[in-house]
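Subject: Model handover

Hi,

Here is the structure you were waiting for. My notes follow below it.

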Amino acid sequence: MYSVKGVVRKSFNPDDSWTVTAVLYDGSLHVCPFQTDLPEYYQPWMSIAMDLPHLIQTHQVWDRVHKMPLLSITHLEGHREQRMAHLALGFITMGYVWQEGEHQPVKTLPRQLAEPYCRVSEALDMPPILLYADCVLANWKLRDPAGNLDTIFKFPGKESCRGFFLVSLLVEQAACTGMEVGSVPLGMPASPDSRLHSDESQRRSQYLVEGSSSFMRTITLMLSLLGHRWKDNPTLPDGLCYEGVFTRQLRGGSAAQSSSIQCFDALLGVRQVEASGEPADYLKDIRSYMPPAHRQLIEVLQHRTPLRSYVQSSGEQDLIDTYDKCVKALVDLRCYHLQAVTSYVSAPSKTAYRGDPTPREEKGTGGTDAFHFLKSVRDSTKNVLISPE
C-alpha cells in the first residue's frame, strides 16, 4: 500500500499564485486531491482514459479515439477541471501515439483529440503533452479513509505502473521538508548579525538534507524510466502534428520537470541556468513544462540574495558546514542519478540492441545527451561548496 501522512501542495489553488503550501499531518490525508472525474459531457474522454491499459494491449486506442466526438472545453469549470482534462487527454495522447511501440509512433493526433488538448493546455499555460505535473502531481486519489493512495489513470504494467507514479508522489512529500527552508530567506531579514536567522537556517537545513536524500533514493530511478523520448526522436523528425492546430517538437516526461530540485538549486545558489551550453539551455526550457506557479517560485528564489553569500559572509564555521552538507546531498543525488541511468537505462539498452550495428545515442527522455547533461549539473553543484574537501 502507498499511503501518506500529508502531501505537498505546490500551488494547487485555482488562482495559481506562487505560494507553496506544505501540508503535513499525523494521520489521514486532510488535503483533497485534484479532481478525479469530469462532468458527463466529457465521459467520452474519461471512458478511454480509464480503460487505457486494456485498449493499448488490445490495440484499440486508435479506433476509440477516431470515434470520439470533438468536444468543447467551455464546459470545464475552473482550474481543477481543466487540470483533470489535461491529465486525461495527456494519457490518451500517450496511448494513441505509442500504441504500436517505440518504432512506429503516430505522427498526427486527430482533431477531436488535438484541438481540445491544445485549448486546455493554452488555458493552463502548459504544453499539450503528458507532464510530470500530470502523471505524478495530479494523478492520485484516496483509496480509503486511512490515507492509502491509488492512481486515477494507468498504463499497462499493473502494480509496477501504480508504484511508478505513487512513489514519485511520495518523493515530492519527502522533498517538502527541504522546501520549508525556503521560507527562512524569503520571510526573514538577511542580516549577517541575525542570530535567529542563523540558528533557524541550520535547523531547517537538516530538513533540506533529509529531503534531498529521500529524493535521491527514489525519483532518479522512477523518473529516468518515464515514457518514450519525444524531442529529437528520429521516428518523429518533425515533431507531433496536432491536427488543425500546429506541429510541435515537445520534450517527453523527465525528472527535470519536478520543480523541487530546481528550487533546491536556486535556494543554495547553484546557478545551473546562468551558464552556457546544452545543460543550462535545457534547464531553462524545461521550466515551461512546469505549472506556472512552480516557475514563479523558482524565479523568486533565484532572484533573492543567494543563501550561499549569507552563509559565507557570516564567518560561522558550523553554518558553513551545514550549508556544505546540503550541497553534498545534491551532489550525491546527481551521482546517484548517473548510476541509475547507467544501470537501468544504458546497460539494458545495450543488451537489448546487442548485435545491432546502428549507432545509438545515449538520450534521456527529455531529449538531452544524458551523460553529458548529468555530469555537467553534478559538477556545477560541486562548484558551490564553500569548503570543498
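Contact here means heavy atoms within 4.5 Å. Keep in mind that this is a predicted model.

**Helix pair α10 and α12**

Helix α10 covers residues 259–268, and α12 covers residues 292–303. Their axes lie 8 Å apart, at an angle of about 15 degrees. Angles under 35 degrees count as roughly parallel, so α10 and α12 are roughly parallel to each other. The crossing of α10 past α12 is left-handed.

**Helix pair α11 and α15**

Helix α11 (residues 278–286) and helix α15 (residues 370–382) cross at roughly 90 degrees, and their axes come within 9 Å. The range for roughly perpendicular is 65 to 115 degrees, so α11 and α15 are roughly perpendicular to each other. From α11, the contact uses Glu278, Pro279, Tyr282 and Leu283. From α15, it uses His372, Phe373, Ser376 and Val377. Five of the residues in the contact of α11 with α15 are nonpolar, two are polar and one is charged.

**After α15**

Ile386 sits in the segment after α15. Is Ile386 buried or exposed? Its relative accessible area is 17%. Buried means under 20%, so Ile386 is buried. Leaving aside residues up to four places away in sequence, Ile386 touches Arg308, Val311, Gln312, Ile320, Tyr323 and Asp324. Take Arg308: 78 residues separate it from Ile386 in sequence, yet the C-alpha to C-alpha distance is 8.0 Å.

**The core**

The largest nonpolar core has 96 residues. Which of them touch the most other members? They are Trp45, Phe91, Phe153 and Phe155. Helix α4 (residues 78–98) supplies the largest share of this core, with 11 residues. Phe155 touches Leu52, Pro53, Ile56, Phe91, Met94, Leu130, Cys161 and Phe165, again without residues up to four places away in sequence.

**The whole chain**

The protein has 389 residues, and 54% of them are buried. Its secondary structure comes to 15 helices and seven strands. Among contacts with a separation of 6 or more, 75% join residues 24 or more positions apart.

Best wishes

Methods. Residues are numbered from 1 along each chain as its sequence is written. This is a predicted model: local features need pLDDT of at least 70, side-chain atom pairs count only at pLDDT 80 or more; totals for chains, interfaces and linings use all residues. Side-chain values use heavy atoms; hydrogens and water are left out. Axes are lines fitted to C-alpha atoms, for helices over the stretch in contact, and angles run from 0 to 180 degrees between N-to-C directions. Helices (H or I, at least four residues) and strands (E, at least two) are DSSP runs, numbered from the N terminus. Angles under 35 degrees count as roughly parallel, over 145 as roughly antiparallel, 65 to 115 as roughly perpendicular and the rest as oblique. A crossing is left-handed if the near helix is turned anticlockwise from the far one by less than a right angle, and right-handed if clockwise. A nonpolar core is a set of buried Ala, Val, Leu, Ile, Met, Phe, Trp, Tyr and Cys residues joined through side-chain atoms within 4.5 Å. Buried means under 20% relative accessible area, exposed over 50%, partly exposed in between (1.4 Å probe, protein chains only). Ala, Val, Leu, Ile, Met, Phe, Trp, Tyr, Cys and Pro count as nonpolar, Asp, Glu, Lys and Arg as charged, and the others, Gly among them, as polar.
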